[in-house]
Structures are given as C-alpha cells and as structure tokens.
Amino acid sequence: MRHLLSTEDLDKAEAIRILDTAEEMAAVSEREVKKLPVLRGRTVVNLFFEDSTRTRISFEAAAKRLSADVINFAAKGSSVSKGESLKDTAQTLEAMGADAVVIRHWASGAPARLATSDWIDAAVVNAGDGTHEHPTQALLDAFTMRRNWARVNGTGSAGTDLAGMKVAVVGDVLHSRVARSNLWLLRTLGADVTLVAPPTLLPVGVEHWPCTVSYDLDETLAGGPDAVMMLRVQGERMNAAFFPSTREYSRRWGFDDRRLAALDAAGAKETIIMHPGPMNRGLEISAAAADSPRSTVLQQVRNGVSVRMAALYLLLSGDSTPAAPTQEATR
Amino acid sequence: MSTAPETSAAYLIRGAAIGGGDRTDLLVRDGIIAETGTGVSASGAEVIDADGLVALPGLVDLHTHLREPGREDAETVETGSRAAALGGYTAVHAMANSSPVADTAGVVEQVFTLGQKAGWTDVRPVGAVTVGLAGERLAELGAMADSRARVRVFSDDGMCVHDPILMRRALEYVKAFDGVIAQHAQEPRLTDGAQMNEGAVSAVLGMTGWPAVAEESIIARDVLLAQHVDSRLHVCHVSTAGSVEIIRWAKQRGIKVTAEVTPHHLWLTDELVRSYDPVYKVNPPLRTDEDVKALRAGLADGTIDIVGTDHAPHPSEAKECEWAQAAMGMTGLETALSVVQHTMVESGLVGWDDVARVMSTAPAGIGQLAGHGQPLETGSAANITLVDPAARWQVDPQRMATKGRNSPFAGRELPGRVVATFYRGHPTVLDGALNTPLTSEGA
Ligand SMILES: [Zn+2]
C-alpha cells in the first residue's frame with residue numbers, strides 16, 4: 001500500500017489486513033505503555049485545509065503512539081490561504097522530510113492530486129476530501145461493526161469480514177464523504193447496504209451504486225438492520241431547498257425517540273446506532289438514541305486511533321507482516 | 001492593390017487529393033488559385049509535391065480564445081496565430097472574453113489589427129453581446145459591426161446570455177447587419193459551483209454536477225426565440241445527446257440555428273475525471289460515451305454544422321492545483337484536425353469532403369468570411385491546407401506553438417499531420433513547420 005486515498009480502490013485482503021493490524025494496535029493501546037517504537041525517526045505531517053480538530057487529534061495520537069514525529073500544518077489561516085498553491089505547500093513539506101502527509105481538504109480529489117503529482121514522494125493519507133471520501137472513517141466504522149458482528153456471532157473478529165450484515169446509512173448522502181467511503185468498504189467486506197435519504201440528498205447516478213436506496217426510514221428499520229449509521233446533516237441545507245425545514249427532516253429521516261422505541265419493541269436488541277460525529281442532537285439523532293446502549297459513538301472514536309495507527313504503520317513501516325508491532329511491543 | 005514579394009511568389013501544389021477525391025495540381029499565384037488541373041506547368045513556381053496529401057480549403061475556427069488583450073501570460077494574438085497556422089487554420093474567430101472585454105469598436109479593432117500584424121492567419125474578433133459579459137445590457141453591437149473589424153459573430157462565451165428578454169433583443173437587433181448570436185448554453189442556477197458532468201462518475205467522485213439539462217434547457221429556449229423573431233442562432237460547443245436532439249428538431253422546423261462541437265467532446269468522456277487531473281476540466285464538461293456517440297452522429301448527419309476548437313490556453317499554475325481551483329479549458333488549435341480525422345474519418349462516419357465542410361466552408365459561412373471556405377478551384381482565394389493523412393505523431397504540449405500546455409491529448413498518438421498551410425497564397429506552414437507570416441498590408 002503506497003497511499004490510502006479511498007476505500008473504492010481497497011481490495012478485500014488489504015481491508016482485512018488493515019482491520020487485523022488495527023486489532024493488534026488496539027491491544028497495544030490497552031497496555032500501560034501505549035507507545036511503539038516502530039516509526040521512530042519518521043515524520044508525519046497533518047496538513048489540514050479544513051478545520052477538523054477531532055480528526056487531526058486522532059491522527060496525531062496515532063502517529064505519536066508509533067513514535068513518529070508529528071508536524072501539524074493548519075493550512076487555514078497560513079500562507080496557503082494567502083494564495084500559496086498546493087504544489088508549493090507539497091514541495092515545502094517534501095523539503096522538510098515528510099514521510100507521510102495526512103491531508104484534509106475541502107476539495108474532492110486533492111489527496112489524489114497530491115499522490116499522483118510529482119510534487120512529493122511521501123505517502124498520502126486522505127483524511128477527508130470534499131464530498132468524495134474519508135477512508136479512515138470508513139475503516140474505523142467497519143472495525144467497530146466487525147467487533148460487534150463477531151460478538152453477535154460468537155466469534156473472534158480477526159480475519160473476518162461482514163458477510164451477511166445489514167447496514168443502513170441514513171441522511172445527507174449527497175454531501176457525505178463518509179457515506180461514499182462506507183458504501184465501498186462495506187460492500188467489499190460483504191455487507192448489504194441500504195442508503196436512506198430524501199431524494200434531494202442522493203446523488204444523480206446513485207442508481208449505479210451497489211446498494212438499496214430507500215426514502216423511508218421506518219420501512220428500512222422494520223427490515224431489522226444490524227447497524228444504523230446516522231450521517232450529520234447541516235441545517236443550512238434547507239436554505240438551498242434540499243428539504244423544507246429541519247423539523248420536517250427530523251420527523252422523516254431523524255433517529256428520534258419514537259424510532260428508538262420501535263427498535264426496542266421489535267426486539268432488535270443487537271442493532272447498533274452509529275454516528276461519525278460531530279452529532280447534531282435533535283436533528284439527525286435524538287439525545288436518547290445517542291446516549292443509548294446501542295450507540296457506538298465513543299467506541300468509534302476509540303477505534304479511530306487504532307485504525308489510523310494501522311494505516312500509518314502499514315504505509316510507513318515497509319513491513320508487510322502485521323505481527324511485527326506486537327513483537328516490538330512485547331519487548 | 002500592392003503585391004508584396006511573398007505573395008508574388010508562385011507555388012505549384014502537385015497531385016493533391018482535393019477533399020480526399022481526385023488528384024489535381026493547384027497553381028497558387030497572387031493570393032488566388034490561378035490554375036487547376038492535371039499536368040499544370042510549373043513555369044517558375046516552386047513545386048510542392050503533394051503526392052498522398054489531401055487538400056482542404058484553409059480551416060476556419062469559429063471559437064478561439066486568444067487571451068489578448070489582458071492575459072498575455074496565457075496566449076497572445078501572435079502565439080495563438082502561430083498555433084492556428086500549424087493546425088491548418090487560415091482564419092480564427094477570437095472570443096470576446098479578454099480583458100478588457102471585446103465589447104466596443106475600439107477593442108475589436110485592436111484585436112483585428114494585432115491579427116493583421118501577426119500575419120499567420122485571419123483574426124476575426126467576436127464581439128460581446130453584453131457590456132463586460134455581465135448579461136445586463138447590450139454592448140454596442142452596431143458599432144462593432146461597422147468597425148474596421150466588421151464583426152458579425154457576437155457571443156458572451158464563457159457566460160450564458162441567460163436573461164430571456166436580453167437574448168431575445170440581441171437576436172432581433174443583429175438582424176440589422178445580418179449578425180449571429182453565438183450562445184454559450186449554460187443555465188447558471190443549475191450549474192452553480194459545477195465541476196464536471198453530473199452522472200455516474202460525479203456521484204462517485206463527490207463533485208458538484210453540471211447537468212445536461214442546464215445546456216439543453218437554454219438551447220430549447222433559444223431555438224424557440226430564434227424562431228419567434230426570425231433570427232440566426234449559433235450554439236457553441238454542443239456537448240450532450242439531448243442537445244443534438246433539440247437542434248435536430250429545430251432544424252426540421254426550419255429554424256435558423258447552427259451548431260458547433262469541439263474536438264474534445266467528440267472523443268473524451270468524464271471517465272477521465274477519475275484522475276482528478278485538471279487538464280480534463282473544461283466548460284461545458286466532458287460528458288459520457290453515449291453523448292460522444294450522439295455528437296459524432298450529429299456531426300455526420302449535418303445536425304451539427306461545424307467543429308470549433310474552443311482553444312483555451314492557460315498558464316501552468318492554473319492547472320497545477322486542485323481540480324476545484326483549476327481553470328476550465330483546453331488547447332485545441334494544433335490537434336483539432338487530427339482529432340477529427342481520428343474520431344470522424346477513421347471511424348468511417350465522414351469523408352474528407354465533409355471535413356472541408358465542417359472545418360472550413362460552414363464556419364466561414366456562419367462567420368460570413370469572404371475568401372474562406374471556398375471550393376479549391378480556379379479563381380478562389382488561395383487559402384489551402386495540405387494534410388498527410390497517413391502520418392502519425394505523438395502529442396507533446398511542450399513542442400506546441402501555443403503558450404498553453406493544457407492539451408488533454410498529451411501523450412496520445414494521433415493520425416494526420418498538417419504539411420502546409422497557404423494563407424492568401426502565402427505558405428505560413430511548409431514541411432509541417434512554421435514558415436513566415438504574410439506581411440503584405442495589401443493582402
Ligand atoms: Zn463557451
């Protein structure tokens with residue numbers, strides 16, 4: 001793996017290798033000494049053209065636990081926002097000896113542009129680009145689902161996929177990089193995906209996607225999904241006529257208390273509720289749903305660090321055996 | 001009429017296939033085709049062996065961005081004219097979106113004069129329809145028509161004349177001097193922030209879509225307006241299958257509409273955007289394979305009248321960036337004929353006589369250019385392009401005459417090479433390389 005740009009181009013073996021490596025990283029994170037020496041002397045740059053404190057902190061924690069040097073480059077409010085080009089920024093980072101660039105950008109395709117140009121040699125990790133993809137988010141979501149799915153099936157999670165799992169992804173699919181990355185990865189891992197959204201918030205072309213599309217959340221919930229992933233919805237979308245009002249949106253597509261009760265009543269006790277955060281409580285998810293035992297929101301955050309450790313390790317160590325960090329850790 | 005030394009020279013083009021048909025000799029002297037036939041005597045003329053070459057009337061581009069005045073870093077009239085000559089063009093229409101905008105007699109005369117001074121090709125300025133391309137009030141169309149540049153084609157290209165009443169008035173007003181409105185058909189509200197064709201690929205890439213309906217709805221409106229006021233409409237760079245259908249319908253009803261397609265829309269599709277390489281960013285965007293097929297069929301059956309390059313050079317920094325930040329546009333003058341050969345001739349859809357029609361005769365007619373697009377026969381102006389259809393070459397933007405390096409065909413092997421271009425009897429291109437410009441003031 002040279003770069004991590006999208007889940008669309010991850011094959012099943014690669015995906016499972018990342019998830020299995022993340023399991024080993026998670027084991028490390030539960031130790032008293034959480035640090036591994038594997039990336040000592042390597043430099044990871046967090047290049048953020050868009051504010052996202054939670055994603056940056058997660059990557060920073062992951063890199064530090066692997067003993068890498070971390071440089072945070074907030075391109076917002078720096079020379080970059082004063083007209084310096086992506087090319088010049090990339091070449092600057094190259095000159096500073098960056099081994100990996102974790103890039104968050106408001107423009108779809110910016111990480112791919114960085115990776116395929118000859119501006120920089122470093123490994124590129126897409127930390128979310130425009131409305132395109134957010135592969136590490138999808139990997140941490142899959143990691144979370146896989147653990148729960150293994151628990152339901154009474155197995156261990158290492159080496160397994162998500163075959164037979166039913167996942168509903170609900171909300172603003174059109175503008176969601178999380179939805180795209182999740183769909184490709186979940187399909188690769190064998191899950192069945194239903195996208196639930198108002199017709200205005202689905203892209204033209206969604207009919208070609210390998211999933212079921214529904215406008216009706218209640219109908220989808222009645223089908224007994226194993227996981228329901230609620231996407232963040234920006235209230236301002238109503239100003240561009242994507243939906244009439246936030247209240248109407250919540251009634252039709254929000255995971256509210258009524259739907260939580262319906263899930264309980266239907267006896268779907270293993271169904272988990274996921275959210276990539278940050279949540280708009282009261283809009284796409286009610287407080288009761290967000291705080292219920294079904295909610296995996298905090299697990300997702302925790303797993304994010306393990307998955308990002310795995311990604312950085314696999315990209316930078318040049319060592320393809322996932323067992324290596326464990327051996328290091330046992331010293 | 002003075003005769004400069006260059007134009008007084010005579011050239012005997014021996015054995016060229018006229019429009020791909022019979023092999024004929026063409027004697028070029030004093031800016032005209034003095035004699036045609038077989039076994040024409042050289043009588044002191046320089047002989048050009050045209051065995052195996054196709055002779056076309058000099059190509060005419062109705063859609064060129066020369067960038068001067070204002071963006072001389074991207075292109076100048078001089079560099080763009082050189083590119084035109086190398087591409088086989090003897091006339092180009094310079095679009096109005098310069099800085100300042102070509103919306104006054106002064107600016108169009110400036111561009112016209114720069115073209116004459118360069119001497120590589122006729123440069124016919126296109127006048128803006130509205131002041132500053134702002135779409136608010138009409139530019140002085142009559143003054144531009146009466147100017148030395150004799151403007152007949154008016155366009156806000158780059159912007160759509162989207163206000164229906166303004167479009168109606170423009171169509172009506174240019175009837176006074178037999179002008180034509182060339183519309184860049186793009187409904188602005190439906191394309192706010194648009195980055196690429198809206199469809200299967202944009203859905204995956206997460207890019208704001210430029211839907212076909214944004215083009216088709218404007219064309220549908222405009223052909224009905226043209227019918228209502230009985231005026232001439234030209235549709236720039238048609239890019240969708242639906243647009244071809246609407247234009248076909250309009251022509252069947254006798255509406256005076258002509259249409260243009262670019263070389264890149266005859267070949268490339270939005271699948272290329274998956275690379276996120278902004279060299280493929282263009283407006284209107286690259287569409288789907290189905291659209292490409294419909295455009296080729298429309299050009300072959302005459303629904304689409306002409307090929308216009310939409311040559312749009314940009315400095316490298318405008319493309320060495322994120323897709324969303326990049327400028328829209330591709331160069332085209334030096335690849336157009338080869339791309340048409342590849343997409344239309346070698347696919348068996350048209351012959352070389354049709355190439356002459358869509359790249360010379362028809363655009364000259366729409367632009368009302370005297371001396372261009374004439375049949376290659378005795379007495380015609382000696383605007384002639386000689387093509388070697390058997391040649392193959394690899395596109396290298398670094399070696400082009402245009403300042404723009406933004407060719408979407410970079411690295412591809414293309415058929416057909418322009419061997420010579422005669423502009424008013426003077427060879428601006430010989431042996432596939434630039435020769436000398438025509439400097440005669442009297443030409
Ligand atoms: Zn245009």
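1. Let's start with a term: two residues are in contact when they have heavy atoms within 4.5 Å of each other. Please keep in mind that this is a predicted model, where local features need pLDDT of at least 70, side-chain atom pairs count only at pLDDT 80 or more, and totals for chains, interfaces and linings use all residues. Residues are numbered from 1 along each chain as its sequence is written, chains are lettered from A and ligands numbered from 1 in the order in which they are written, and side-chain values use heavy atoms, with hydrogens and water left out.

2. Let's visit B:H65 in chain B. Not counting residues up to four places away in sequence, B:H65 touches B:M95, B:N97, B:D157, B:D310, B:H311, B:A312 and B:P313. You will find B:H65 in the loop between β6 (59-64) and α2 (77-86) of chain B; helices (H or I, at least four residues) and strands (E, at least two) are DSSP runs, numbered from the N terminus. B:H65 is buried, with a relative accessible area of 5%. Here buried means under 20% relative accessible area, exposed over 50%, and partly exposed in between (1.4 Å probe, protein chains only).

3. Which side chain makes a polar contact of 2.9 Å with the side chain of B:H65? The partner is B:N97. A polar contact is a pair of N or O atoms within 3.5 Å; within protein, one must be able to donate a hydrogen and the other to accept it, and residues adjacent in sequence count only if both atoms are side-chain atoms. The side chains of B:H65 and B:D310 are also joined by a polar contact, at 3.0 Å.

4. B:D310 sits in the loop between β15 (306-307) and α10 (336-345) of chain B. With 6% relative accessibility, B:D310 counts as buried. Among the residues that B:D310 touches, beyond those up to four places away in sequence, are B:H63, B:H65, B:D157 and B:H237.

5. Now for the record: under "binding site", an unreviewed UniProt entry lists B:H63, B:H65, B:D157 and B:D310. These four span 248 residues in sequence, yet no two of their C-alpha atoms are more than 9.7 Å apart, so they gather at one spot. UniProt positions are given in the numbering used here, feature names are shortened, and annotations may be inferred rather than shown by experiment.

6. Chain A has its own listing: for "binding site", UniProt (unreviewed entry) includes A:H134 and A:G277. A:H134 is found in the loop between β4 (123-129) and α5 (135-153) of chain A and is buried, at 4% relative accessible area. A:G277 lies in the loop between β9 (272-274) and α10 (287-291) of chain A, and is buried as well, at 17%.

7. Finally, how do the chains meet? The contact takes 18 residues from chain B and 21 residues from chain A. Two salt bridges are counted between them, a salt bridge being a side-chain nitrogen of Lys or Arg within 4 Å of a carboxyl oxygen of Asp or Glu. One salt bridge pairs A:K87 with B:E320, with the closest N and O atoms 2.7 Å apart.
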